[in-house]
Amino acid sequence: MKSVTMEDVARAAGVSRALVSLAYRNAPGVNAKTRERIFQAGRDLNYQPNRIAASLASKSQNSIGVFLSDLHNDLFADIFDGLREGFGESAKQLILAIGSIDGQRDTAALDTLVQSRVDLVVAAGLLLPDAALSGYAAVTPMVSTARIAPGTDNVYANNLTGAALATNHLIELGHRRIAFLANPQSDGYRERGTGYRTAMQTSGLEPWIIASSYARTQAAVDIGEALRSSQRPTAVFAHNDQSALGVLDAAAHYGIHVPSELSVVGYDNSSSSLVPGMALSTVDIHARELGLRSAQAALARLEDPSAPLQSISIEPSLLVRGTSARSEDARNT
């Protein structure tokens, strides 16, 4: 089926193509009666205006690209809810691009947004190296959400504090063999591991770091060897909630009861942390607020492109639920 063009609408409404363009861009120069006649012709023909092209033609700051790392992690849905709240009635066109859990699609997703000529990008969870990110930020203004990145406005949770909260909670419960199920170490994502190591060493304990991925199923595999050992950990701090749920899966598989035999603490306070029957203890990074503050930073950047870069830190909080308890050794003393 042939797509309906602006020229088709102009012929049906009996006006010039230029007048149709002005009407759909809500630009001055079209009286109310003519504007309605044009819109009615468009509705009759099922015309779908090209919003990106309209934004380019008007040279107005109407389009914002939104990058989300992984739609399978509901943390990013929570961030997006905050973004929508923050943009509110600002009449911005949001153009969405999705990366991948391993970061392999990040470049293609960002390229799509840049090639769409968005006025600014809000990026949540980018895994690209700092050098690559700086290149994009030099071309298009960027707000980096949940990660500190060079050359961008940054809105992030204090992950050093968050990791210390989780680790010290387990230490205070009497745990001494506390494993950290670590995310892949890359630019922008080392603070949780650093916070864990610092808390362990400050308490005179040996850090136990187990490398993992961002996926729940892989986390269950990666923690398996430690849970099968004779000196298995009595507690696991996982770098995010998805990985923590993988630890719970592995514990169930090996017949290890949570929390009496194994305490588990996640990170993010994503919606999935409220697993039925056993709510996950986790660190709340206030994802919706991250999104809200990111939207506000984006609007401020568009309002004043030459303003100094912002760095907005949000303090996380610990949510103690049903997967962490006093260690068996502490209960027996």
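A residue is called buried under 20% relative accessible area, exposed over 50% and partly exposed in between, using a 1.4 Å probe and protein chains only. At 54% relative accessibility, N46 therefore counts as exposed. The model is predicted: local features need pLDDT of at least 70 and side-chain atom pairs pLDDT 80 or more, while totals for chains, interfaces and linings use all residues. Residues are numbered from 1 along each chain as its sequence is written, and side-chain values use heavy atoms, without hydrogens and water. Helices (H or I, at least four residues) and strands (E, at least two) are DSSP runs numbered from the N terminus.

**Backbone geometry in loops**

- N46 adopts a positive phi of about 55° although it is not a glycine; N46 belongs to the loop between α3 (32-45) and α4 (51-58).
- H286, also not a glycine, has a positive phi of about 60° and sits in the loop between β10 (281-284) and α12 (287-303).
- With 24% relative accessibility, H286 counts as partly exposed.
- The peptide bond between V258 and P259 is cis, with omega of about 10°; P259 is placed in the loop between α11 (241-253) and β9 (263-268).

**The open sheet**

- Six strands form an open sheet in the order β2-β1-β3-β4-β5-β11, with parallel pairing; two strands pair if DSSP finds at least two bridges between them.
- Its edge strands, β2 (93-98) and β11 (311-314), each pair on one side only.
- From one strand to the next, the twist averages 15°; axes are lines fitted to C-alpha atoms, for helices over the stretch in contact, and angles between N-to-C directions run from 0 to 180 degrees.
- Strand β5 (residues 153-157) is joined to β11 by 4 bridges, and the two run parallel; Y156 has S313 of β11 as its bridge partner.
- Helix α5 (residues 74-87) packs on the sheet, touching β1 (63-68), β2, β3 (120-124) and β4 (142-145), and its direction makes about 165° with that of β1. Contact here means heavy atoms within 4.5 Å.

**Helix α9**

- The buried residues of α9 are R192, G193, G195, Y196, A199 and M200.
- Seen down the helix axis, these buried residues fall within an arc of 165°, so they line one face of α9; the arc is that of the directions from the helix axis to the C-beta atoms.
- Q201 and T202 are exposed on the other side of α9.
- Elements covering the buried residues of α9 include α8 (159-172), β6 (178-182), β7 (208-211), β8 (235-238) and β9.
- Just after α9, G204 has a positive phi of about 75°.
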